[in-house]
4 protein chains.
Amino acid sequence: MKAVRLHEYHQQPVVDEVPEPAVKGPLDVIVKIGGAGVCRTDLHIIEGQWAERTQTVLPYTLGHENAGWVHEVGPGVTNVAVGDTVILHPAPSCGLCGPCRGGDDMHCENSAFPGLVNRDGGMADFLLTTARACVKLDPQTQPADVAALADAGITAYHAVRKAIPLLYPGTTCVVIGAGGLGHIGIQCLAALTATQIIVVDRNPDALKLADQLGAHQAVAADGGQVAAVMDLTGGRGADVVMDFVAEQGAEQEGFSMTARAGCYYVIGYGGELRIPTLDIISTERNIIGNIVGTYNDLAELMVLAQAGRVTLHTRTYPLDAAAEALADLDAGRVRGRAILVP
Amino acid sequence: MKAVRLHEYHQQPVVDEVPEPAVKGPLDVIVKIGGAGVCRTDLHIIEGQWAERTQTVLPYTLGHENAGWVHEVGPGVTNVAVGDTVILHPAPSCGLCGPCRGGDDMHCENSAFPGLVNRDGGMADFLLTTARACVKLDPQTQPADVAALADAGITAYHAVRKAIPLLYPGTTCVVIGAGGLGHIGIQCLAALTATQIIVVDRNPDALKLADQLGAHQAVAADGGQVAAVMDLTGGRGADVVMDFVAEQGAEQEGFSMTARAGCYYVIGYGGELRIPTLDIISTERNIIGNIVGTYNDLAELMVLAQAGRVTLHTRTYPLDAAAEALADLDAGRVRGRAILVP
Amino acid sequence: MKAVRLHEYHQQPVVDEVPEPAVKGPLDVIVKIGGAGVCRTDLHIIEGQWAERTQTVLPYTLGHENAGWVHEVGPGVTNVAVGDTVILHPAPSCGLCGPCRGGDDMHCENSAFPGLVNRDGGMADFLLTTARACVKLDPQTQPADVAALADAGITAYHAVRKAIPLLYPGTTCVVIGAGGLGHIGIQCLAALTATQIIVVDRNPDALKLADQLGAHQAVAADGGQVAAVMDLTGGRGADVVMDFVAEQGAEQEGFSMTARAGCYYVIGYGGELRIPTLDIISTERNIIGNIVGTYNDLAELMVLAQAGRVTLHTRTYPLDAAAEALADLDAGRVRGRAILVP
Amino acid sequence: MKAVRLHEYHQQPVVDEVPEPAVKGPLDVIVKIGGAGVCRTDLHIIEGQWAERTQTVLPYTLGHENAGWVHEVGPGVTNVAVGDTVILHPAPSCGLCGPCRGGDDMHCENSAFPGLVNRDGGMADFLLTTARACVKLDPQTQPADVAALADAGITAYHAVRKAIPLLYPGTTCVVIGAGGLGHIGIQCLAALTATQIIVVDRNPDALKLADQLGAHQAVAADGGQVAAVMDLTGGRGADVVMDFVAEQGAEQEGFSMTARAGCYYVIGYGGELRIPTLDIISTERNIIGNIVGTYNDLAELMVLAQAGRVTLHTRTYPLDAAAEALADLDAGRVRGRAILVP
């Protein structure tokens with residue numbers, strides 16, 4: 001089968017012919033890929049940002065944002081059957097460790113992360129995953145239409161869901177970056193809270209999209225964004241700041257925009273926070289880490305998607321055009337999310 | 001009356017003769033001071049760390065950690081009467097703004113902070129405060145015995161109380177610094193949770209005290225403390241780290257000791273955090289700001305103190321010896337808390 | 001001035017001429033009434049249901065759901081000024097007891113409840129209340145348009161707000177009764193959650209209104225309502241049931257419609273729950289009490305109202321027609337809320 | 001092997017010779033029983049209280065509170081091995097449904113309950129369970145010493161853990177019934193909170209035991225218990241009431257002892273609550289259902305037990321003396337818990 005494989009850091013991945021994966025364990029599931037999202041993390045992987053942390057052996061297949069149809073199942077699989085339409089949680093979990101037993105399977109002590117850590121991902125015809133990663137969908141769903149919810153979506157939803165108790169009427173939430181994740185985050189905020197949503201982005205088209213998706217105010221990231229947010233919040237700053245960028249200075253600005261007793265959610269990455277501890281304690285502000293989400297987060301997000309409360313702005317590319325999709329993302333030419341379709 | 005007043009930053013405060021304060025508003029309360037705690041923040045004030053932030057006009061009287069007896073009350077005061085023994089919340093609040101109405105009076109939009117921000121503090125014979133700052137105590141309480149709970153105590157209690165849901169049996173909590181605040185924090189942790197308490201301090205006497213107060217493990221801050229905590233937690237790090245130091249490198253170590261999905265509580269200050277956003281998101285760790293606490297935090301802490309669950313290790317100095325007390329604190333010669341007694 | 005006064009239980013209140021109220025305490029506020037809502041509780045008061053509990057001395061003026069303009073203020077009032085448009089929290093609180101300090105002013109140990117407990121209410125030209133009850137509004141607001149939010153609104157909002165964490169996507173919430181409170185509750189649910197809303201009412205017009213306000217399914221309370229809810233929830237029952245009736249059998253049906261591990265919210269009253277403890281424990285269901293809400297609940301609700309997310313269906317009557325309004329409510333002839341306008 | 005089997009409701013179970021259970025599924029585990037607790041629920045089963053609800057086919061083996069050693073495992077079991085000492089969660093769960101994925105495995109949609117619902121329990125030499133029910137223990141633990149934690153313990157712990165946020169310093173918690181569950185609940189309260197613990201029991205020995213385990217006040221259930229609790233709480237009632245009896249009138253008294261805005265936890269069962277909805281709403285009290293607990297609840301409780309914070313008062317009987325143990329329990333002759341040892 002075809003697969004988009006990374007052979008060396010700092011080089012573009014290439015489309016190789018590789019053997020199809022095979023079921024080994026009783027809970028294994030082989031999925032025929034219908035759509036695989038292209039994520040800023042793929043760019044970061046290629047740049048080597050994750051190399052030391054993951055120690056992944058090259059070459060391997062990229063693609064951690066996948067949906068498709070169940071192609072084959074191990075003998076112990078009871079929750080899905082061959083032919084089912086599924087979206088895949090990016091991190092198959094063990095189900096037996098403390099975090100899994102507590103519903104926090106995102107922090108499974110034995111989890112895998114195909115496409116990122118030492119396992120082939122879904123930019124290919126088929127993917128090996130497990131029963132615990134499969135969320136069953138309405139059979140009429142087109143996997144390419146929803147694949148971006150498997151990572152961009154779940155990550156945005158997870159962060160928003162954690163913030164719900166903070167976002168009661170009268171509060172303000174800033175969204176930094178209305179791209180692949182941010183444009184989903186805005187919809188989740190609009191669906192789940194009545195907070196005032198202020199979107200900050202440097203791209204006018206992204207701001208326009210944000211406005212259509214439920215943002216109440218749009219702020220151009222032209223250097224005056226911190227002042228603009230202060231102005232819109234009566235000098236207080238925002239109760240919650242969701243930073244889907246967190247690099248190139250956005251991380252410092254994001255913290256600066258956060259109100260006394262407020263929370264700055266780091267969702268994007270790449271930059272470095274530098275904050276005097278006096279600034280943290282004198283205002284009692286919090287910095288909240290976020291990565292992907294739980295299985296139930298994904299299941300809940302699919303309910304929102306099914307109800308039309310979250311819709312994706314995608315652009316599809318054939319698997320062979322993976323390099324083009326990555327280049328478009330890197331150059332800021334993708335509104336919403338790029339999806340590879342085998 | 002006598003008062004310990006700061007005339008210039010970077011110079012020691014001096015004991016001056018000043019007029020007694022007078023009741024002006026209907027809710028004003030004059031307290032005859034029985035004990036005023038000496039806090040690391042007083043050192044930071046003298047060093048000018050708060051100068052830009054507070055814009056306080058010099059000279060003024062230090063002392064933000066006070067207890068005593070009600071001496072005079074305004075016509076609208078109903079909750080205390082002349083002669084009552086009281087401990088004082090450090091930040092008198094308005095009672096009418098959003099945060100006050102929500103029980104979060106620490107973030108009152110109109111609060112004062114005597115001894116820190118533009119108001120004379122309690123290192124004096126008398127202090128002007130308001131009805132909303134007064135927590136009434138058993139008349140047999142000696143104010144000098146409990147004064148340190150008014151700021152060191154409430155701050156430690158507030159941080160611990162916020163962390164209770166994270167500290168179920170099987171978890172681990174690191175306490176960095178077993179000094180004025182930390183030695184109270186340890187007792188609050190032992191009273192309110194069943195977490196495993198690991199204390200990190202560079203001073204062997206402080207570690208010994210920690211052990212007596214309920215710590216389960218003591219780690220010398222001799223350069224190997226991060227490794228030691230990792231070792232004690234099976235390589236995971238601690239679920240919660242309470243950093244009562246947060247300067248001189250403790251802040252970086254504190255974050256490093258924090259487990260995946262864990263929380264690093266910043267309570268001390270003076271240093272600067274430098275953290276790549278990738279480190280925040282890849283492990284979903286949180287950095288939690290903490291400052292003082294609510295009125296109810298102080299009232300609850302006094303219940304613990306009354307029940308003997310939190311006891312203070314103090315050393316008293318006469319008001320005239322304020323400079324000596326500050327010097328002892330700066331030199332690390334105070335176990336527990338120094339208290340000025342007029 | 002004119003006032004609608006209850007002279008005897010089981011008799012209709014009458015419009016009397018009485019003296020205007022006067023400011024006595026420093027925080028007192030006199031409000032010129034612009035609108036006073038007519039509530040099912042007024043009927044229950046007349047029926048004597050509250051007599052034993054409140055021990056209110058007759059005669060007194062009814063009306064616990066009021067909005068208007070500040071007419072006169074005591075010397076200590078700082079948050080409102082003469083001429084301000086205000087909506088009034090129904091229970092002026094002391095601001096100094098434990099619940100008040102914790103933001104739970106609904107459970108103030110010294111609160112009053114004008115129009116219900118031993119104080120004249122707002123079915124009159126003027127009402128005596130206090131600074132802590134006043135929520136300041138946009139001066140263009142017409143008090144008669146929003147008065148019903150002061151009790152019906154805050155009560156519905158308070159219950160919904162408590163339930164938000166339970167109402168994530170994929171859950172179901174039943175609303176029993178789409179009348180004065182229920183029609184606001186439906187709008188709050190739609191604004192603050194993405195739960196599936198099922199409305200149960202015996203009146204077809206009420207169900208039609210519910211549909212327009214955001215309900216997803218309408219169930220006629222024709223005897224088959226429990227079965228219908230079970231059917232709509234795949235036999236599970238609803239995760240949350242909000243019972244705005246809680247009398248005449250609705251209370252037993254409401255608990256029966258509640259899913260395993262779900263919550264039954266009692267908001268209306270008049271009936272009696274009879275539940276074997278085995279039914280409570282074998283399914284781990286909860287029964288949640290609800291009464292009115294906090295000051296901040298009302299302030300937040302006014303944000304929703306100002307944004308057009310909650311609109312009231314009202315019918316106004318002149319003060320002199322109070323008896324007619326009460327009769328219409330009793331007979332089920334009011335869609336939404338009846339409002340008296342002096 | 002031997003097994004204590006119920007052949008008919010309202011008749012005593014008898015010790016039969018039955019075949020040993022065999023591993024069928026990949027996740028099955030056979031446990032050699034070291035101790036099986038005797039529970040009031042066993043009496044209720046014999047009395048037929050659960051007959052209609054569970055539709056269990058007779059005869060079957062009782063015993064839902066078990067610990068022992070792993071005897072045989074299915075091919076897919078990875079978390080325990082033959083010879084491991086284990087305590088067993090009473091309700092093996094599927095791991096794949098929504099509640100399981102959310103950490104709420106007590107509400108697994110496909111769970112079993114050996115010894116209660118259609119599956120043989122552990123009053124026998126061997127028990128068939130699954131990998132998901134096994135909590136691995138220190139090999140030196142004697143199963144008979146801890147077996148009572150598998151049901152009595154987890155149930156008491158679960159209820160207390162849910163109440164922790166309500167039980168801050170200054171609050172009061174009433175425990176009704178200091179028997180099998182209650183004597184564990186008292187220890188959990190003392191280990192996890194700093195609330196004031198008032199124990200109500202009709203048996204003087206039980207009150208004496210409660211005192212040793214951490215209770216602050218003892219109240220004889222002699223008819224004056226509601227008045228006594230009111231007196232001890234300044235007329236307010238208790239913030240939380242944990243009713244481990246909930247029959248024979250305790251259920252009405254328990255609700256009556258509950259303070260305004262407080263919570264009444266139903267843990268025992270057998271009686272019927274009769275409460276006017278006006279009493280629920282006028283004070284905003286809650287009635288909280290409780291049954292058993294999650295896998296993680298049991299794991300956490302074992303941490304407390306291992307640390308000596310929760311100790312059991314037990315009396316062992318040989319398996320053949322099951323009838324005697326049941327009779328002793330029924331007659332109130334057991335302090336703590338009766339344990340059958342094969």
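## Basis of the values

The model is predicted, so local features need pLDDT of at least 70 and side-chain atom pairs count only at pLDDT 80 or more, whereas totals for chains, interfaces and linings use all residues. Residues are numbered from 1 along each chain as its sequence is written, chains are lettered from A and ligands numbered from 1 in the order in which they are written, and side-chain values use heavy atoms, with hydrogens and water left out.

## The interface of chains A and B

Chain B brings 37 residues to the contact and chain A likewise brings 37 residues, where contact means heavy atoms within 4.5 Å. The area buried between the two chains is about 3200 Å², and carbon and sulfur atoms give 55% of this area; buried area is the accessible area, taken with a 1.4 Å probe, that two parts lose on being put together, summed over both. Of the area that chain B buries against chain A, 22% is supplied by Thr277(B), Ile281(B) and Glu284(B), more than by any other three residues.

Across this interface the rule finds 27 residue pairs in polar contact, both residues being at pLDDT 80 or more. A polar contact is a pair of N or O atoms within 3.5 Å; within protein, one must be able to donate a hydrogen and the other to accept it, and residues adjacent in sequence count only if both atoms are side-chain atoms. On the side of chain B that touches chain A, at least two residues each come from helix H5 (152-163), strand E13 (258-266), strand E14 (272-276), helix H10 (277-283) and strand E15 (286-289) of chain B, and H10(B) gives the most, with 7 residues. Helices (H or I, at least four residues) and strands (E, at least two) are DSSP runs, numbered from the N terminus.

## Salt bridges and strand pairing

The count over all chains comes to 56 salt bridges, each a side-chain nitrogen of Lys or Arg within 4 Å of a carboxyl oxygen of Asp or Glu. Arg53(A) lies in helix H2 (residues 51-54) of chain A and Asp279(B) in helix H10 of chain B, so this pair joins two chains; the N to O distance in their salt bridge is 2.6 Å. Across the interface of chain B and chain A the rule finds 4 salt bridges.

Strand E15 (residues 286-289) of chain A is joined to E15(B) by 3 bridges, and the two run antiparallel; two strands pair if DSSP finds at least two bridges between them. Ile288(A) stands opposite Asn286(B) in E15(B).

## Relations between copies

Copies are superposed by least squares on the C-alpha atoms of residues with pLDDT of at least 70 in both. Because 100% of the interface residues of chain B are also interface residues in chain A, the copies meet through the same surface.

Chain D is superposed on chain C by a rotation of 180° with 0.0 Å of shift along its axis, at an RMSD of 0.0 Å.

## A sheet in chain C

In chain C, 3 strands form an open sheet in the order E2-E1-E4 with antiparallel pairing; strand E2 (14-17) and strand E4 (60-61) are the edge strands, each pairing on one side only. Leu6(C) stands opposite Tyr60(C) in E4(C).
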